[in-house]
Amino acid sequence: MICSLSGALRGLRHSLSPLVQSLRRPAHTSAYHWLSGNGSGYGGQSRWQYTPDGTVFHSPGSRPSSQAVSDTHFDFSPYQCVGFDLDNTLCQYRVRPLMEMAYSQCLVPHLIERFEFPGDVFLDMDDGSELCARGIVLDAPRGNLLKLRHDGAVLRATHGSRPLTREEVIDAYGTHSAPSAARDLALSVTDPPCGRLRTFRDFFDAPAVLAAASLVDAVDAGRLPGADYATVCAAAQSGLRHMYDREKFAQDQDGFFSRLRADTTAIAHPCSPAVLELLRQLRRDGKLLFLVTSSHVDYARHMAELALGADWFQFFDVVVTYACKPRFFTGRAPFLSVDSYDREGAVVPAEALRPGRVYSQGSWADLYSFLQRETATEHPMCVYIGDNLAYDVHPTRVYTRSHALAVCEELEAEHGVRCASGQPTSLRHSTVWGSMLREGEHDTLWGAVVRRARACVPRLDYLASRPD
């Protein structure tokens, strides 16, 4: 089985070699700059820097404690255009309640009904929450969950919910970049249809980590006669597709979207006044602001109204919904018009894009031509801010001329830092997986991605209070 898996992925590795080489290039020396302190106890330094051991943040001559910090300085002045993702960037979710609802009220009931799995094989979120993390790779034929180093070597792994010892990891995967195809897959623009490897890239995906682990445990315990690891892992993945089908929001069917609509504030925060003022200041400074989200237009509108208010559109010159990132950054899908009923309409050629409009799908190439026209600049400087390291940060860095700014909420949970504005994270630091960005002396796969961003912040609030 494993030999056939390696053969099936050999072609994927070859086709993605330019992408892989981008992660092997020397990192910027300014990597992981993300915090600053202008308050007492921080020495007025302009930036904090991620330390080599990945355990603390520091700046020259000072070392932060877990007290509140604010006034992070990111210099927007070089940029004519500033882009934002929506979910988990402008719209901050209450991550723990989000995952609890998605897992306990939606995913697990669907798997029980659709596949007739016994309900008692699924771990409770309270018992298994530390398994739920983004950036984890599923090796379905083995029933293993993997945390990868920047070169594809396995740093940590579990079989189902059971953490593997270092000896078991080496026995299965070796000490070097044996499963580098998994690394390639994690950063690819599409998931191959075989589904043998799967990356859980964001907080919406993370509940399926716990579902897959529970089902692997059930196979080992003999609770699912005739089932194998690949079959039950595929079931968990199909549950995600069912739960987040974009048509379900408009249909208001019983499930994830109906529960979200019933009490949106239970799982998401409005933007703080400081973030709203940051957007206004960027517009006063003459920046062209754009929103690019992979959410369908009706869901995007609902969450944008919660995050930014009923007049949310005033903050942006153009809005792109259902962008299908990361292919948005690499492909040439046409833009589609969106009517007042949030329905997709006719194809809109790149030269016909206009400010003050909402569009669906499209591509970065055509959006960039719009930005060129609107700024009357051949090469306008752009920065795109997003939380999905595989879908936002990496493709912006690799496939466009733009800069990326990463939002990584895990940093608050891992290091206990706090910002003076906004709501602190509801995430808990995982003792199963450890830091998302570092493992001892090594960058993780996602740490290597963040090194190529211009900055990394836990939330937009860390950018919102800008020094004079």
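Here are some notes on the predicted model above, point by point.

1. Ground rules first. Because this is a prediction, local features need pLDDT of at least 70 and side-chain atom pairs count only at pLDDT 80 or more, while totals for chains, interfaces and linings use all residues. Numbering starts from 1 along each chain as its sequence is written, and side-chain values use heavy atoms, with hydrogens and water left out.

2. The core. The largest nonpolar core has 95 residues, and Phe84, Phe256, Leu308 and Phe316 touch the most other members. Such a core is a set of buried Ala, Val, Leu, Ile, Met, Phe, Trp, Tyr and Cys residues joined through side-chain atoms within 4.5 Å; buried means under 20% relative accessible area, exposed over 50%, and partly exposed in between, with a 1.4 Å probe and protein chains only. Domain 1 (81-93 + 267-465) and domain 2 (95-262) both contribute residues, so this core lies between them; the bounds come from an automatic or database domain assignment. Another core, of 23 residues, lies apart from it and includes Leu164 and Ala390.

3. Phe84 up close. Leaving out residues up to four places away in sequence, Phe84 touches a set of residues including Leu279, Phe290, Phe316, Tyr384 and Ile385. Contact here is heavy atoms within 4.5 Å.

4. Strand S17. Five of the five residues of S17 (residues 382-386) are buried, so the strand is largely enclosed by the rest of the structure. Cys382, Tyr384 and Gly386 point one way, Val383 and Ile385 the other. In a regular strand the side chains alternate between the two faces of the sheet. Strands (E, at least two residues) and helices (H or I, at least four) are DSSP runs numbered from the N terminus.

5. Neighbours of S17. Four bridges join S17 to S4 (residues 81-84), running parallel, with glycine 83 partnered by tyrosine 384. Four bridges also join S17 to S18 (residues 403-407), again parallel, and there valine 383 stands opposite histidine 403. Pairing requires at least two DSSP bridges between the strands. With helix H15 (residues 389-399), S17 and S18 make a right-handed β-α-β unit: seen with the strands pointing away from the viewer, the path from the first strand over the helix to the second runs clockwise.

6. Aromatics. The whole structure has 20 aromatic pairs, counted for rings of Phe, Tyr and Trp (its six-membered ring) with centres within 6.5 Å; planes under 30 degrees apart are stacked, over 60 edge-to-face and the rest tilted. Phenylalanine 257 and tyrosine 299 are edge-to-face, at 5.4 Å centre to centre and 65 degrees between the planes. They sit in helices H10 (residues 256-262) and H12 (residues 297-308), 42 residues apart. Phenylalanine 329 and tyrosine 384 have ring centres 5.8 Å apart and planes at 65 degrees, so that pair is edge-to-face too. Phenylalanine 329 is in helix H13 (residues 327-330) and tyrosine 384 in S17, so the pair ties together parts 55 residues apart in sequence.

7. Backbone spots to look at. A cis peptide bond joins lysine 325 and proline 326, with omega about 10 degrees; proline 326 is in the loop between strand S13 (318-321) and H13. Cysteine 324 lies in the loop between S13 and H13 and has a positive phi near 55 degrees. Glutamate 116 has a positive phi of about 60 degrees without being a glycine, and at 70% relative accessibility it counts as exposed.
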